[in-house]
Amino acid sequence: MDDAVTTTAYKQEYERLLKPLMRIAFGVALHLTRNRDDAEDLVQETAIQAFRAFPTFQPGSHFKAWFLRILTNLFLNKVRKKQREPEIASLDDAPDLYLYTQVTLSGWKKGNQDPATQLMERIGTEQIVAAIAALPEEFRVVAALYFEEELSYQEIADILDCPLGTVRSRLHRGRKILQRTLWELVQETPPGAALPQTKGGN
Amino acid sequence: MLPIINLYTCKEALIRLDDYLDRELSPEEIRRVERHLKICHHCTRKFGFEKELLAQIRERLTRLDTPPELWERITHTLAEIKE
């Protein structure tokens with residue numbers, strides 16, 4: 001009976017910690033896998049692996065970071081099995097403040113509306129997801145953690161087990177590439193076109 | 001010491017833009033960036049744009065719907081593991 005009580009309490013505690021993370025975990029998984037079905041599978045697989053490793057989790061430590069570390073490791077291990085050669089980021093960086101410059105030069109400004117809001121009115125949520133998905137893997141992994149959850153560079157470095165400087169440089173460069181991709185997507189969308197915004201609308 | 005020594009130029013402020021938005025600067029660097037922004041409207045607009053863009057991207061991503069059956073799948077699988 002003691003074992004059954006312990007096991008039930010163990011499972012309840014695990015589920016109590018895990019349930020609030022579903023949105024973040026699915027968001028990160030979606031950016032990593034670029035596919036909703038694969039993202040679901042990755043979250044489910046992570047949930048099982050983390051459950052098995054739960055006895056090693058230190059109560060009071062950062063469950064979210066611990067869980068996201070398992071999730072990203074699982075993803076990276078799968079990717080490394082599939083590809084012998086790492087994905088090489090050959091994309092040219094956009095200049096600094098790329099979107100700010102493009103919006104300023106575009107002559108969109110109307111009234112006192114803030115230019116970032118004007119820009120975002122032309123960008124759908126699915127386009128943001130597509131732009132993150134288009135990032136090369138080394139930048140995408142960092143960006144997925146950064147955009148889905150306001151983690152510090154140190155927290156991201158701990159999750160990925162890499163130096164803080166690596167997180168900083170990949171994030172800075174990833175943002176530049178993302179800005180260029182977002183602008184290209186905006187250019188493909190006629191002004192006033194209805195944009196898919198997913199559940200919740202725009 | 002001349003006070004101007006403590007002021008960042010536009011270039012010095014802008015190279016710290018990302019770290020400033022991400023709260024990764026030291027208190028001294030934050031103070032110097034903000035002193036620069038008080039006197040430079042061009043940089044204030046640029047910092048404001050990037051800050052708003054980042055906030056809106058994050059806000060949009062929170063709208064991504066999590067598949068409703070995902071949690072159910074997970075709890076069922078966990079139950080099976082134990083039995």
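1. The model is a predicted one, and in it R73(B) counts as partly exposed because 15 C-beta neighbours lie inside 10 Å. Between R73(B) and K51(B) there are 22 residues in sequence, while their C-alpha atoms stand 38 Å apart in space.

2. Next, the contact of the two chains. Chain B contributes 28 residues to this contact and chain A contributes 35 residues. On the side of chain B that touches chain A, α4 (41-61) and α5 (69-82) each supply at least two residues. The largest share of that side comes from α4(B), with ten residues. Sorted by class, the side of chain B that touches chain A holds twelve nonpolar, twelve charged and four polar residues.

3. Chain A as a whole. Its secondary structure consists of ten helices and zero strands; read from the N terminus, the elements run α-α-α-α-α-α-α-α-α-α. Chain A has 202 residues, of which 35% count as buried. Among the contacts in chain A with a separation of 6 or more, 70% are accounted for by residues 24 or more positions apart.

4. Which residues touch the most other members of the largest nonpolar core? They are A29(A) and A143(A), in a core of 57 residues. Helix α8 (residues 137-148) of chain A gives the most to this core, namely eight residues. Leaving aside residues up to four places away in sequence, A143(A) touches H31(A), I132(A), L135(A), L171(A), G174(A) and L178(A). There is also a second, separate core of six residues, and its members include A13(B), L14(B), Y20(B) and F47(B).

5. Helices α8 and α10 of chain A. A pair of packed helices is described by the angle between the axes and the distance between them. The axes of α8(A) and α10(A) cross at roughly 90° and come within 9 Å, which makes α8(A) roughly perpendicular to α10(A). From α8(A), the residues that meet α10(A) are E138(A), F139(A), V142(A), A143(A) and Y146(A); their counterparts in α10(A) are V167(A), R170(A), L171(A), R173(A), G174(A), I177(A) and L178(A). The contact of α8(A) with α10(A) has eight nonpolar, three charged and one polar residues by class. A143(A), listed here on the α8(A) side, is one of the two residues named above for touching the most other core members.

6. Helices α9 and α10 of chain A. Helix α9 (residues 153-160) packs against helix α10 (residues 164-188) at an angle of about 110°, and their axes are 8 Å apart. These two helices, α9(A) and α10(A), are therefore roughly perpendicular to each other. On the α9(A) side the contact involves Y153(A), Q154(A), I156(A) and A157(A), and on the α10(A) side L164(A), V167(A) and R168(A). Five residues of the contact of α9(A) with α10(A) are nonpolar, one is polar and one is charged.

7. The loop between α9 and α10 of chain A contains D161(A). Most residues other than glycine have a negative phi. D161(A), which is not a glycine, has a positive phi near 55°. Is D161(A) buried or exposed? It is exposed, because 9 other C-beta atoms lie within 10 Å.

8. Helices α2 and α3 of chain A. Helix α2 (residues 22-33) and helix α3 (residues 36-53) pack with their axes 8 Å apart and at an angle of about 125°, and α2(A) and α3(A) are therefore oblique to each other. The crossing of α2(A) past α3(A) is right-handed. α2(A) takes part with A25(A), F26(A), A29(A), L30(A) and T33(A), and α3(A) with R36(A), D38(A), A39(A), L42(A), V43(A) and T46(A). By class, seven residues of the contact of α2(A) with α3(A) are nonpolar, two are polar and two are charged.

9. Which residue in the loop between α2 and α3 of chain A deserves a look? R34(A) is found there. Its phi is positive, about 65°, although R34(A) is not a glycine. R34(A) counts as partly exposed because 16 C-beta neighbours lie inside 10 Å.

Technical notes. Residues are numbered from 1 along each chain as its sequence is written. Chains are lettered from A and ligands numbered from 1 in the order in which they are written. This is a predicted model: local features need pLDDT of at least 70, side-chain atom pairs count only at pLDDT 80 or more; totals for chains, interfaces and linings use all residues. Two residues are in contact if their C-beta atoms, placed from the backbone, lie within 7 Å. Helices (H or I, at least four residues) and strands (E, at least two) are DSSP runs, numbered from the N terminus. Ala, Val, Leu, Ile, Met, Phe, Trp, Tyr, Cys and Pro count as nonpolar, Asp, Glu, Lys and Arg as charged, and the others, Gly among them, as polar. Axes are lines fitted to C-alpha atoms, for helices over the stretch in contact, and angles run from 0 to 180 degrees between N-to-C directions. Angles under 35 degrees count as roughly parallel, over 145 as roughly antiparallel, 65 to 115 as roughly perpendicular and the rest as oblique. A crossing is left-handed if the near helix is turned anticlockwise from the far one by less than a right angle, and right-handed if clockwise. A residue is buried if 20 or more other C-beta atoms lie within 10 Å of its own, exposed if 12 or fewer, and partly exposed in between; C-beta atoms are placed from the backbone. A nonpolar core is a set of buried Ala, Val, Leu, Ile, Met, Phe, Trp, Tyr and Cys residues joined through C-beta atoms within 7 Å.
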